[in-house]
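Dear colleague,

I would be grateful if you could look through it together with the notes that come after it.

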Amino acid sequence: MKRKKENFLWEHFYKEKDLSIEAPELSLYEYMMEVTKEYKNNYAINYFGKKITFKVFWDYIDKCARAFKSLGVREDDVVTICMPNTPEAAISFFAVNKIGAIVNMIHPLSAEEEIKDYLNSTKSVLLVAFNQTYSKLRNIIKDTNVYKVIFASASESMPILLNGLYNVTKGRKEEKPKNNSFYIFWKDFLHLGDYYDGNIDAHRGSEDDAVILHSGGTTGIPKSIVLSNRCFTIISKQAKICFNMLRAGDTLLSILPLFHCFGLVVGLYGPLCLGVACILVPQFDAKRFDKLLTKYKPNVLTGVPTLYEALLKNDYMKNVDMSQVKLVISGGDSLSIQKNKLVNDFLAEHNSDATITQGYGMTESTGPFCFGSLGSDKLGSVGIPLPGNIVRIIDPQTRKEVKTGETGEICLSGLSMMSRYLNNEEETKKVLELHEDGRYYIHTGDLGYIDEDGVMFYVQRMKRIIISSGYNVYPQYIESVLRDCEYIKDACVVGVPHPYKQEVAKAFIILNDGVEETYTVKKNIMDYAKKNLSHYMLPREYIYKKEFPKTKLLKTDYNALRNELIQK
């Protein structure tokens with residue numbers, strides 16, 4: 001049944017033809033190839049000054065695809081990529097999609113038990129991993145279905161001299177496996193493609209599963225989010241409409257990690273589809289931000305608020321010219337109005353005409369769902385829904401839509417919505433709800449409002465969550481891990497302000513009966529946390545108590561504990 005035409009407040013920002021946007025019946029790889037064929041001699045990737053044209057990038061993807069096929073990867077198999085921002089990560093991402101397999105992206109700093117869970121829950125058969133993860137993988141890989149691990153160093157695609165320097169300094173310190181039937185190194189892996197002459201083009205559809213990303217979702221419980229090809233191709237088409245100031249040949253500083261939805265979509269896939277070259281940065285050092293800008297002179301900056309905090313605090317930025325910067329994007333968390341103004345002033349002082357632009361989205365919406373484009377970037381706002389997207393603000397209690405300007409829960413509907421949570425039908429049904437208009441909406445758990453012009457403003461989160469350097473850190477998850485430690489009776493994790501990371505997690509601990517608060521016990525608890533939690537989740541401090549303060553309903557009073565730390 002055809003839906004009745006609705007008029008939304010934000011539609012006046014767009015041309016009529018832009019509002020009828022549709023996803024092409026192509027895989028994300030096929031779409032990228034389709035829209036970049038005229039750019040074959042342009043640069044696609046810049047890695048430490050080594051530039052890779054689109055033509056060479058496509059050739060690498062083909063070679064990698066043949067290598068995967070030679071190892072027996074089939075359509076719908078899951079291949080996990082556990083890499084920082086390197087050309088090998090980007091090549092593998094597209095090659096897996098080209099052969100019709102599914103990409104599972106995970107954080108290289110994940111704890112070994114997390115890696116094992118990610119591999120097992122997705123039934124991964126192959127793993128492309130950063131060299132430095134070997135010390136963790138060797139302890140857990142035999143407990144998974146992975147039958148081959150491909151190791152890649154950060155130095156693989158570096159210029160010759162830098163490659164040699166890396167291997168002499170950092171490379172020789174890396175613990176490496178022997179190249180055998182189970183472990184294989186990147187160059188040897190690619191050579192396998194020379195011996196495969198079968199078909200490597202799967203021609204997948206827009207609704208087929210393409211990528212699995214991991215997040216705490218809207219409830220704080222870790223989930224695996226399944227995204228279809230459509231999710232990526234539609235955002236790329238939306239970007240072409242909204243980022244109309246970008247031109248093929250422009251460059252983007254890709255600092256945000258590719259295993260993060262924001263980094264994968266805004267830092268790699270979207271720019272490439274616009275013919276914009278990605279300057280891949282595998283490890284960001286805030287103290288060297290000035291050198292990155294001076295050396296590469298990027299046209300686009302993308303980052304979380306902490307990245308712009310680093311920009312403002314860098315003592316060497318005084319004489320750096322930023323006149324080539326035409327677009328500055330902030331996401332991952334809300335940027336305060338005060339910080340927004342400071343960054344805008346900073347850009348103007350450094351000769352850039354750009355002002356920082358915020359967006360709003362989540363992994364369940366394949367990253368950006370709203371963006372301050374086409375004149376909608378009111379100070380403090382997160383812009384308007386991208387073309388074709390719909391946002392409704394509802395009363396969390398009555399589930400009815402609120403009036404313009406009133407605050408309620410943000411609900412999202414559009415073609416970039418996830419397919420489902422992997423192996424979790426119950427949570428999928430909780431988050432994806434059918435509304436009276438016949439559309440499914442993501443219930444975000446965030447509060448916001450839409451003003452009379454159709455511009456959205458984010459207010460706050462409905463549930464406990466910590467945003468640290470742009471990463472979602474979920475207290476409930478950390479607490480559940482800590483409670484499994486043999487020494488711990490109860491744990492409560494709160495987020496406290498941090499001058500650089502915005503917030504960090506701190507843990508209050510009640511020890512089990514009979515356990516003494518000794519140095520050994522404390523060290524064992526810290527070691528346990530390091531083994532079972534990702535680096536960015538680790539509590540910055542552990543505070544030991546005999547009991548936790550309670551609310552009138554006899555629940556742990558999180559605010560009282562948080563205030564205790566803030567008032568120190």
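The notes below describe what was found in this structure, which is a predicted model.

I begin with an open sheet. Its 8 strands follow the order S7-S6-S5-S3-S4-S8-S9-S19, and their pairing is mixed. The edges are taken by strand S7 (183-185) and strand S19 (420-421); each has a single partner strand, so one side of each is left without a neighbour in the sheet. Within the sheet, strand S4 (residues 102-105) and strand S8 (residues 209-215) run parallel and are joined by 2 bridges. Val103 has Val211 of S8 as its bridge partner. Helix H4 (residues 112-122) packs on the sheet, where it touches strand S3 (78-82), S4, strand S5 (124-130), S8 and strand S9 (223-228). The direction of H4 makes about 145° with that of S5.

Next comes helix H3, which covers residues 87-98. Gly100, which follows H3, has a positive phi, near 85°.

Turning to the nonpolar cores, the largest has 117 residues, and Phe57, Phe68, Phe93 and Phe94 have the most contacts inside it. Helix H9 (residues 261-273) gives the most to this core, with 9 residues. A second, separate core of 25 residues includes Tyr474, Ile478, Leu482 and Ala507.

The last region concerns a hairpin and a loop residue. Strand S25 (residues 488-498) and strand S26 (residues 502-511) pair in the antiparallel sense over 10 bridges, and the hairpin joins them through 3 residues. Asp490 has Ile510 of S26 as its bridge partner. Phe548 lies in the loop between strand S27 (541-544) and helix H16 (558-566). Its relative accessibility is 5%; buried means under 20%, so Phe548 counts as buried. Beyond its neighbours within four places in sequence, Phe548 is in contact with residues including Asp490, Phe508 and Ile510. Phe548 and Ile510 are 38 residues apart in sequence, while their C-alpha atoms are 8.2 Å apart in space.

With kind regards

Notes: Residues numbered from 1 in each chain as written. Predicted model: local features only at pLDDT ≥ 70, side-chain atom pairs only at ≥ 80, totals over all residues. Heavy atoms only, no water. Helix = DSSP H or I, 4+ residues; strand = E, 2+ residues; numbered from the N terminus. Expected span 1.5 Å × (residues − 1). Pairing = 2+ DSSP bridges. Core = buried A, V, L, I, M, F, W, Y, C linked by side-chain atoms within 4.5 Å. Buried < 20%, exposed > 50% of the residue type's maximum accessible area, 1.4 Å probe, protein only. Contact = heavy atoms within 4.5 Å. Axes fitted to C-alpha atoms, helices over the stretch in contact; angles between N-to-C directions.
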